[in-house]
Amino acid sequence: MSKKVAFMQGNEACAHGAIYAGCRFFAGYPITPSTEVAEVLSAELPKVGGSFIQMEDEIGAMAAVIGASLTGVKALTATSGPGFSLKQENIGYACITEVPCVIINVMRGGPSTGMPTGPSQSDVMQAKWGTHGDHPAICLVPASVQELFTETVRAFNLSEKFRTPVTVMPDEIVGHMRERIVFPEPGELEVVNRPAPTVPPADYRPYDTSFGDVPPLAAFGSGYRFHVTGLNKAEDGFPTTRAGIVQAEEERQVRKIEKATDEIVTWEEYLLDDADIAIVAFGSTSRSARFAVNEARKHGIRAGLFRIITYWPFPEKQIADLASRVKAIITPEMNLGMTLHEVRRCVKGMTPVSGIFRVDGEPIGPAQILAGIREVM
Amino acid sequence: MGFDYGKYIRPGKLPHIWCPGCGHGIVMKGLIRAIDSVGFSKDMTSIVSGIGCASRLPGYVDFCTLHTTHGRGVAFATGIKMAKPEMNVICVGGDGDGVAIGGNHFIHACRRNIDITYLIMNNNIYGMTGGQFSPTTPTGAKASTTPYGNPDPPFDIAKLAIGAGATFVARGTAFHAAQIDKLLAEAMRHKGFSVVEILDSCPTTYGRRNKYKSVIEMMNHLKDVAVPLSAAEKMTAEQLRGKVITGVLYKENKPEYASEYRKLVERVQAG
Amino acid sequence: MISSFERHGAMEKKKPVVLVNERYCKGCHICVEFCPTSVFEMRGFTAVVKNPEACIACMQCELRCPDFAVTVSQ
């Protein structure tokens, strides 16, 4: 039997990926350029018995998603720059309460209203540092329609496995472009469901570290009664200000993602084996970079591409290793140097790193990257 | 004779954090009696709150409880109700939480008529942060941020709820303790968004700035201003000046949001 | 028919017991001030039962005690 193939927009593929992953709840608020995710799910979720709700604002949408997830349902919201800013409050709440949920942020220009229909890659730092306090972050940056589908599935899997919010951030170009997608068959991609508690309700503690750094989360209405609060809490879920407990819980929340970095981080290497120059790029910019690498090689320049797929946790080890193999690294990105900063942090001065930045709402084309490669040579 | 609150209070959680004479404890007892009288099971009842003194209530009671972010309780509750309509969902909070920072969620929950009971403990002040004026602080009243008297006019929460589309709206006071559970029980039995405002007092941050000499004076104030709806109907506008009408102020039957959405799902699935 | 003895016995049985849990009481005075038969008094920062025989079991103290401290039982 041949697989189902479609010509589809990235945001639409994202919505179908969510359904594939078992998402049965969406709450959102209209915002360009992510609205198609909501539009498709408003049609698709009722078909599979799920719920769609358009909330009164972005904050309420994030809140409803967390509330829904606490009943054991996989829940999603989708937004863009200004909405992502508004959601930070409750993203922090999901971090500290350790409630799984997925946020799609289709990146547009900023700050503020910026350029609603223009592409951008300038929310990557917000995805890590957007909400206050120390907290873990997982952020995936797909570069194609197909990958927006599969990374949405992976986002749900990571979220359920690690009890944490996960952000998927296509730039506007990836979200809005249309290309061929081959739909995975049911069962073809792994789908992870959160583990249910194994202890009787009377013994259940929502942050019981005897089960490791990711304790099982019970669902409201499943016979387990417990308390959830955004205050610093003890293993029983109730607020505490006791220094030792707060320190331990805070450290565990960050550690649970940090120590799984090797399991979470994904990237793609293209023609890097003999490369003198590495382009580190992600999203739509990585597509221009791939083209530029091919062009450079036609002119005898040994260039290669390191494509970031998991932005957070950042592929630190892989970038450090890359720095030991190449003579120069270039980071083209639709912001003013966020990835450059992060790459330099990993490279520790081993290799020169330069950036190509664009924040005018236009994509970075292959010619601009090729010019950058020539400049470095 | 007395009511066994121990059945619903989490072991070891009392005494609660509320100040001496704060009415929130009286209201919590009313809420517990109401839940008991309507027979909601502990496992299938979720109590959600935002931030503030009143929002600490869920921590004490043995249900599926969720203490969320400031003003967002109703939005979290909406997610729970939509994802699991068979759960009984109750949201609790104070005046600042509910109609200032949470005002948008509040009016839209009223508009949707989603089956959530929303208990607002209105003590006319932000107590937890030290007594700043709230959207229900009377004009002229003193608060830590209105040292010359409050220049703002207040909201009438019940009118706001009715105007926004809530299908059950009631008001009581912490003084009239025996009425609290009656109002809340009727609200819980109502299918739709029900709002119960309980006028409450904050002796610590409101009373002492506004010439209430004691907890008792504040309780007596609640006693004096409250006029039951039946009595109010026979009073003139002049007689009602400075009074607050209590009882079930509004009730109508309208399609409930979560069950209407499930009907939509069935329709779509039937093709 | 209920004999007078039985009726008396029933009344004995219904005699209310008023208790103040000193660990919970925060001394707000509400029970002291609003009890119609002056069952309570303040002793330091805590309400105590001074006059238990006067209790008519109207339950107002239990209903209005914000701190779950006052209970009225049989």
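Predicted model: local features only at pLDDT ≥ 70, side-chain atom pairs only at ≥ 80, totals over all residues.
Residues are numbered from 1 along each chain as its sequence is written, and chains are lettered from A in the order in which they are written. Local features need pLDDT of at least 70, side-chain atom pairs count only at pLDDT 80 or more, and totals for chains, interfaces and linings use all residues, while side-chain values use heavy atoms, without hydrogens or water.

Q: What makes residues of chain B and chain C part of the contact?
A: Contact means heavy atoms within 4.5 Å. By that rule, 27 residues from chain B and 22 residues from chain C take part.

Q: How do you know what area chain B and chain C bury between them?
A: Buried area is the accessible area (1.4 Å probe) that two parts lose on being put together, summed over both. Here that comes to about 2000 Å², with 69% of it on carbon and sulfur atoms. On the chain B side, B:M1, B:K29 and B:I216 lose the most area to chain C, together 32% of what that side buries.

Q: How many salt bridges does the rule find across the interface of chain B and chain C?
A: A salt bridge needs a side-chain nitrogen of Lys or Arg within 4 Å of a carboxyl oxygen of Asp or Glu. Across this interface the rule finds zero.

Q: Why are 20 residues on the side of chain B that touches chain C called nonpolar?
A: They are called nonpolar because Ala, Val, Leu, Ile, Met, Phe, Trp, Tyr, Cys and Pro count as nonpolar, Asp, Glu, Lys and Arg as charged, and the others, Gly among them, as polar. That side also has five polar and two charged residues.
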